[in-house]
Amino acid sequence: MSIAHGTIMGGLSTVPNLERASNGYRDCLGLEVVEQGELPADLAASWGCAGNAGAPYAVLRPTSGEPCWFRLVEQETHSDFKPTRSYGWAAFECTVEDVWHWPKVVEDAGFMIVGPPKKLENIEPAFIPMQVLGTGQEMVYLNQVLNDMPGTDLPRAASPVDRIFIVVLATPDREASLDWYSQRLGLARGADYTLPYSMINNAFGLPADTLTTITMVQQDRMPIVEVDDYPSETIERPRTLGQLPPGNALVSLAVRDLDSCDVEWITPPIQREGALYEGRRCATTIGAGGELVELIEVGD
């Protein structure tokens, strides 16, 4: 299967109890467990997170077979972490077949509904979003795609929950983050949208009509990273030294050639086996907003 430059190949979340979390992703969301075990020390070190070495982890994949892997790593909850209040990866947006199904079942599986399905305002009705928090306070959007958007193709789901098609970044400097993805990784800046963003407004106690500007990083017509302006009250992600950031912790992106990426690696690129990597070269860097970005070489 050919994988395009910029494709989201995975999202990693930290969870306090791996068994409970993976059961929810498997039994409720319908993802397939394809690998589990103890996190290799060299992989943890490649993320700058040596303290996670040996932690229980699981890798899940949509039954559609799309090249996208959901990774869960067991890690103690950080008492100061609150979703949608700090910089870093804020959410993983998945394409789903029937968004109206999920409010009936997700809470029994340990997910908390923070945004029931609704149509967006001030934006062409391309999808119906829903937002849930997992047991590690990771934010997952369950979006039913209705139409493509001008300049952007949105993937239709081929399984109840399918691939991650957008990752949301909270950053202290939207323009700097956009420049980083375009200049360092060779991705393109898409259109700006200004809209009332209920997740942000609710998290910070702002009036419901407060507007937020968001910009999409994309490759051709494929959306990748939604870069969001965040209020001045936003803080750095609280985290334990040497461990992964809590919640939505790390994103894996496909790139044609690691050597053409103008970034500083945490550890040098190496070839890895197992789910997600499948013998490819990979390495991790830190984006302009402090986010962990793992890059996986897929060739042309």
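Me: What does Arg221 count as, going by relative accessibility?

Reply: Arg221 counts as partly exposed, at 37% relative accessibility. Buried means under 20% relative accessible area, exposed means over 50%, and partly exposed is in between (1.4 Å probe, protein chains only). This is a predicted model, where local features need pLDDT of at least 70, side-chain atom pairs count only at pLDDT 80 or more, and totals for chains, interfaces and linings use all residues. Residues are numbered from 1 along each chain as its sequence is written, and side-chain values use heavy atoms, with hydrogens and water left out.

Me: OK. Which residue does Arg221 form a salt bridge with?

Reply: Asp153, with 2.8 Å between the closest N and O atoms. A salt bridge here is a side-chain nitrogen of Lys or Arg within 4 Å of a carboxyl oxygen of Asp or Glu. Asp153 is partly exposed, its relative accessible area being 34%.

Me: Where in the chain are Arg221 and Asp153?

Reply: They sit in distant parts of the chain, 68 residues apart. Arg221 is in the loop between strand E12 (211-219) and E13, and Asp153 is in the loop between strand E9 (139-145) and E10. Helices (H or I, at least four residues) and strands (E, at least two) are DSSP runs, numbered from the N terminus.

Me: Why can side chains pair like that?

Reply: Side chains of opposite charge can pair when their charged atoms come close.

Me: How many salt bridges does the count come to?

Reply: The count is 14. Among them is Arg156 with Asp148, whose closest N and O atoms are 2.6 Å apart. Arg156 is partly exposed at 44%, and Asp148 is partly exposed at 30%. Another is Asp27 with Arg26, at 2.6 Å between the closest N and O atoms.

Me: And Asp27, buried or exposed?

Reply: Asp27 is exposed, at 55% relative accessibility.

Me: Which residues are linked in a network of salt bridges?

Reply: Arg174, Glu175, Arg189, Asp192 and Asp229.

Me: New topic, rings. How many aromatic pairs does a search of the whole structure find?

Reply: Four. Rings of Phe, Tyr and Trp (its six-membered ring) pair if their centres lie within 6.5 Å; planes under 30 degrees apart count as stacked, over 60 as edge-to-face and the rest as tilted. One of the pairs is Tyr25 with Phe70, which is tilted because the planes are at 55°, with the ring centres 6.5 Å apart. That pair links distant parts of the chain, since Tyr25 is in helix H1 (residues 18-28) and Phe70 is in strand E4 (residues 69-74), 45 residues apart.

Me: How many residues line the second largest pocket?

Reply: The lining has 18 residues, and Ala4, Thr7, Glu66, Arg163 and Met222 lie nearest the centre of the pocket. Strand E10 (161-170) and E13 each supply at least two residues of that lining. By kind, the lining divides into eleven nonpolar, four polar and three charged residues. Ala, Val, Leu, Ile, Met, Phe, Trp, Tyr, Cys and Pro count as nonpolar, Asp, Glu, Lys and Arg as charged, and the others, Gly among them, as polar.

Me: Last one. Where is Gly242?

Reply: Gly242 is in the loop between E13 and E14, and is partly exposed at 26%. Leaving out residues up to four places away in sequence, Gly242 touches Gly48, Cys49, Ala50, Gly51 and Asn52, where contact means heavy atoms within 4.5 Å. Gly242 and Ala44 are 198 residues apart in sequence, with 9.4 Å from C-alpha to C-alpha.

Notes
On a 1 Å grid over the protein atoms alone, a cavity is a set of points where a 1.4 Å probe fits but cannot get out, and a pocket is an open set with protein on both sides within 12 Å along at least five of seven lines; lining residues have an atom within 4 Å of a point.
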